[in-house]
Amino acid sequence: MKELLNKYQFHFKKGYGQNFLTDTNLLRAITTDAGITANDVVLEIGAGAGALTQQLAKVAKRVVVYEIDTNLKPILEENLKEFQNVTLVFQDFMKVSAQNLQNEVGTTFKVVANLPYYITTPILFKLLEETTGLQSITIMVQKEVGERIVAPSGNKEYGVLSVMLQHKGSCSIKRMVKRNMFTPAPKVDSCIVHIQLYTYTFACESMFQKVVKQGFSMRRKQLANVLQQTLGVAKETIHIFLEKQHLPLTARAEELTVAQFEALAMYLQENT
Ligand code: SAM
């Protein structure tokens, strides 16, 4: 890969989060972590030089990959020329319309990506909010972000990202990846997170999102006070809920499990 990058005089752009992978064993392991089979359509975000794309294309039925940097075009075309099952799209993934994305990936698909770290959270929310038929997400993220995603209630890392993602699927860290595995090496270590998405849709989704976002907006304050202030819900209404859940009336958002946030959303939908 390095020869190819030199051949086209490619310069890494820090602003695009360009830290590429080259280790074939690691790339194969990511494909295995994602559980990719010959029946799968894979969406990759950020092709880089195409090292992960190659491994995915060897196993999957089809790979659709988005890349923002058109300087990578000749490198990718050369690196991926033997794969007929890869669709390369040179576009800012954040600007792809929900309809165009769905047209590319079809009815069911899996996401596998070594994400550009500067937009990890917006990409995750875009995927969860704008797509249908997404089965799983397997992504390389900054180690600290991975730890936030899988954090249980009561943990200091537990917050909006943990609750939102654990509500959508079963989240686990598959492996830790040291910074020296990347070219160029970033300043942080990374990890592979796998999210196996649930198939059911939650009836009180919009209330759930409101309660979680507002609940954590003032982390140190008691949940009853925060929701009174931000959503205009009477403090007593929240107290009744907390009592039913055997939680202290002074509970803060970080003390509620994901299931308790779901119960709170259903309770507020019925009682407000
Ligand atoms: N998949 C490659 C690998 O594993 O070696 C590259 C991963 S690198 C961490 C992230 C890639 O995402 C870079 O190639 C970068 O140019 C691309 N990228 C950054 N922002 C993007 C965006 N908004 N839309 C699409 N691709 C983007």
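**Note on a two-domain predicted model**

1. Domains. The domain assignment divides the protein chain into domain 1, residues 2-197, and domain 2, residues 205-271. The C-alpha centres of domain 1 and domain 2 are 34 Å apart. The contact draws on 13 residues from domain 1 and 15 residues from domain 2. The model is predicted, and the points below should be read with that in mind.

2. Overall make-up. The protein chain has 12 helices and 9 strands. Its C-alpha atoms fill a box of roughly 70 × 40 × 30 Å along the principal axes. Of the 272 residues, 49% count as buried. Among contacts with a separation of 6 or more, 65% are between residues 24 or more positions apart.

3. The domain interface. Domain 1 and domain 2 bury about 1100 Å² between them, and 63% of this lies on carbon and sulfur atoms. On the domain 1 side, Tyr158, Met164 and His167 supply 45% of the area buried against domain 2, more than any other three residues. There is 1 salt bridge between domain 1 and domain 2. Lys168 and Glu205 form a salt bridge, with the closest N and O atoms 3.7 Å apart.

4. Helix 12. Helix 12 runs over residues 258-271, which makes 14 residues. From first C-alpha to last, helix 12 reaches 20 Å, close to the 20 Å expected at 1.5 Å a residue. Its buried residues are Val258, Gln260, Phe261, Glu262, Ala263, Leu264, Ala265, Tyr267 and Leu268. The buried residues of helix 12 pack against helix 8 (160-168), helix 9 (205-215), helix 10 (223-231) and helix 11 (235-244).

5. In soluble globular proteins, nonpolar side chains tend to be buried together. Here the largest nonpolar core has 32 residues, and the members that touch the most others are Leu43, Ile45, Phe93, Val111, Leu127, Ile137 and Ile139. Another core, of 31 residues, lies apart from it and includes Phe10, Ala57, Val63 and Val177.

6. Phe93. What does Phe93 contact, leaving aside its neighbours within four places in sequence? The list is Leu43, Ile45, Tyr66, Leu101, Ile123, Lys126 and Leu127. Of these, Leu43, Ile45 and Leu127 are also among the core members with the most partners.

7. Lys13 and Asp69. The structure holds 14 salt bridges. In one, the side chains of Lys13 and Asp69 meet at 2.7 Å, N to O. Lys13 sits in the loop between helix 1 (2-7) and strand 1 (20-21), and Asp69 in the loop between strand 3 (62-67) and helix 4 (73-79), so the pair ties together parts 56 residues apart in sequence. Lys13 is partly exposed, at 27% relative accessible area, whereas Asp69 is buried at 4%.

8. Arg175 and Asp33. The salt bridge between Arg175 and Asp33 has its closest N and O atoms 2.7 Å apart. Arg175 is in strand 7 (residues 169-177) and Asp33 in helix 2 (residues 24-33), and the pair links parts of the chain 142 residues apart. Arg175 is partly exposed with a relative accessible area of 29%, while Asp33 counts as buried at 11%.

9. Other charged groups. Lys95 and Asp92 form a salt bridge with the closest N and O atoms 4.0 Å apart. Lys95 is exposed, at 65% relative accessibility, and Asp92 is partly exposed, at 22%. Elsewhere, Lys178, Arg179 and Asp189 are linked in a network of salt bridges.

10. Gln102. Leaving aside neighbours within four places in sequence, Gln102 is in contact with Phe109, Glu130, Thr131 and Thr132.

Technical notes
Residues numbered from 1 in each chain as written. Predicted model: local features only at pLDDT ≥ 70, side-chain atom pairs only at ≥ 80, totals over all residues. Heavy atoms only, no water. Core = buried A, V, L, I, M, F, W, Y, C linked by side-chain atoms within 4.5 Å. Buried < 20%, exposed > 50% of the residue type's maximum accessible area, 1.4 Å probe, protein only. Contact = heavy atoms within 4.5 Å. Helix = DSSP H or I, 4+ residues; strand = E, 2+ residues; numbered from the N terminus. Expected span 1.5 Å × (residues − 1). Domains from an automatic or database assignment. Buried area = accessible area lost by both parts, 1.4 Å probe.
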